[in-house]
Every structure is written in C-alpha cells, then in structure tokens.
Amino acid sequence: MDESQRLLHETFTGAVENVFHTELGIADQIPINYVTRILLKFTHTSDLYIFSKNGHPITELIDIINFYSNNNIEDPNKIDFHIYLGDFSLYFAGMFPEAINKSFHISAGKFSYDFVQKRKTNEEKMIYENLAKDFEAYVYGLNIVSHEFYKIKHPFLETGQKYGNPGGSIQPN
C-alpha cells in the first residue's frame, strides 16, 4: 500500500469508526472494516463499475442487473456478482442518495447480501447476514460519513460530484 492509499485508509477507517460507534452504536470491527474496504475499493472507477464487452462502464444499477442476467454468469461467479451488487448498492445509497433510486438500491443490496449469506459459512456468513438485516443502518452511517466529508470538502468527494450532492440528505429509513 503506497502512502496515499495508507492515508486514505486511515481517513476512511477513522470516519467510519467514529460514525458507526457514536451514531449507530456499532462497535463490531468486522462491519466497520468491511464498509471501509468498500470506500477504498470504489475510489477507483475500474473497481466501481463493471464493463460491457466493448469496454464501456455500466453505471446504472438496473443496467448492471440486466448485464448479469443477459450474460448467464455461472454459479461460482454469482456469489461474487451479488457481493459486488450489494457493495455497489450500499455505496451509492449511502454516499450519493440524491443521485439514485434509493429504495431500489436498498432492495437490491439487501437481496444481494441475503443471497450471499445463504451460501457462505462462519464469519463470512455473519457479515453478509448483518449487512442484509441492517442494510438501512449501514446506508445511514455512510450517508453521515459522506456528509462529514462534504462539510470539510474532502478531495475524495470531488470525483463524486457528478452523482449529486453527497451528504445532502441524512435521514434514516
């Protein structure tokens, strides 16, 4: 991990820990680490989107689902796809709620994490089970994180400006 990645990791970890501990009462480090990894992973556009066969990013949730359905992705990859879909839905519903159909993202995210938890065992099962069960709480937590970044004009949000006003709406469901 280079220095900029390390600093970004520390920033995201601190923000997520603070919000999840103080606002949500979540002290378990496993979901905090998971959400931090989502933020880190999606700082790169190449990890945020899947790409069509001609190399164009597929940016809308419904198009991602259709791409998956139309390409008959085989069973071992279904779990990876649902992890991606849950992460994508959580990220956008929490960080850029005004730019999306939030209820659709929440439904898709909960469904995807539930799909995954039914196919995992032990600790992996628990994290996806918690993400599916408490999806709205994680969205709410990420929305607070986004709002905090927006207030301090964190450079991370510069790339997200095209999605709307991050942090503009902090409302639990």
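1. Helix 7 gives the most to the lining of the largest cavity, with four residues. Helices (H or I, at least four residues) and strands (E, at least two) are DSSP runs, numbered from the N terminus. Helix 2 and helix 7 each supply at least two residues of that lining.

2. Some ground rules apply to everything here. This is a predicted model, in which local features need pLDDT of at least 70 and side-chain atom pairs count only at pLDDT 80 or more, while totals for chains, interfaces and linings use all residues. Residues are numbered from 1 along each chain as its sequence is written, and side-chain values use heavy atoms, with hydrogens and water left out.

3. The cavity itself comes next. A search of the whole structure finds one cavity of 30 Å³ or more, and about 40 Å³ of space lies in the largest cavity. On a 1 Å grid over the protein atoms alone, a cavity is a set of points where a 1.4 Å probe fits but cannot get out, and lining residues have an atom within 4 Å of a point. Grid points are joined across faces, edges and corners, and a volume is the space filled by probe spheres set on the points.

4. Which residues line the largest cavity? They are D28, I30, P31, E123, M126, I127 and N130. By class, the lining has four nonpolar, one polar and two charged residues. Ala, Val, Leu, Ile, Met, Phe, Trp, Tyr, Cys and Pro count as nonpolar, Asp, Glu, Lys and Arg as charged, and the others, Gly among them, as polar.

5. On the overall layout, the secondary structure of the chain comes to eight helices and two strands. From the N terminus on, the order of the elements is α-α-α-β-β-α-α-α-α-α. Of the 173 residues in the chain, 45% are buried. Buried means under 20% relative accessible area, exposed over 50%, and partly exposed in between (1.4 Å probe, protein chains only). Among contacts in the chain with a separation of 6 or more, 64% are between residues 24 or more positions apart; contact means heavy atoms within 4.5 Å.

6. The largest nonpolar core has 51 residues, and L90, Y91 and Y113 are those with the most contacts inside it. The elements that give two or more residues to this core are helix 1 (3–22), helix 2 (29–41), helix 4 (61–70), helix 5 (75–95), helix 6 (102–117), helix 7 (122–133) and helix 8 (135–151). Helix 5 gives the most to this core, with eleven residues. A nonpolar core is a set of buried Ala, Val, Leu, Ile, Met, Phe, Trp, Tyr and Cys residues joined through side-chain atoms within 4.5 Å.

7. How do helix 4 and helix 6 pack, and at what angle? The angle is about 40°, with the axes 11 Å apart. Axes are lines fitted to C-alpha atoms, for helices over the stretch in contact, and angles run from 0 to 180 degrees between N-to-C directions. L61, I62 and I65 in helix 4 meet F104, H105 and A108 in helix 6. By class, this contact has five nonpolar, one polar and no charged residues.

8. L61, in helix 4, deserves a separate entry. L61 is buried, with a relative accessible area of 2%. Leaving aside neighbours within four places in sequence, L61 is in contact with L85, F88, S89, F104, H105 and A108. L61 and F104 are 43 residues apart in sequence, and their C-alpha atoms are 8.6 Å apart in space.

9. S89 is in helix 5. Is S89 buried or exposed? S89 is buried, with a relative accessible area of 0%. Not counting residues up to four places away in sequence, S89 touches L61, H105, A108, G109 and F135.

10. N122 is worth a look in the model. N122 has a positive phi of about 55° although it is not a glycine. N122 lies in helix 7 and counts as exposed, at 64% relative accessibility.

11. E10 is found in helix 1 and is partly exposed at 45% relative accessibility; the C-alpha atoms of E10 and T36, 26 residues apart along the chain, are separated by 9.3 Å. G14 is also in helix 1 and is partly exposed at 35% relative accessibility. G14 and T36 are 22 residues apart in sequence and 9.1 Å apart in space, C-alpha to C-alpha.

Methods: 1 Å grid on protein atoms, 1.4 Å probe; cavity = no way out; pocket = protein on both sides within 12 Å on 5 of 7 lines; lining within 4 Å.
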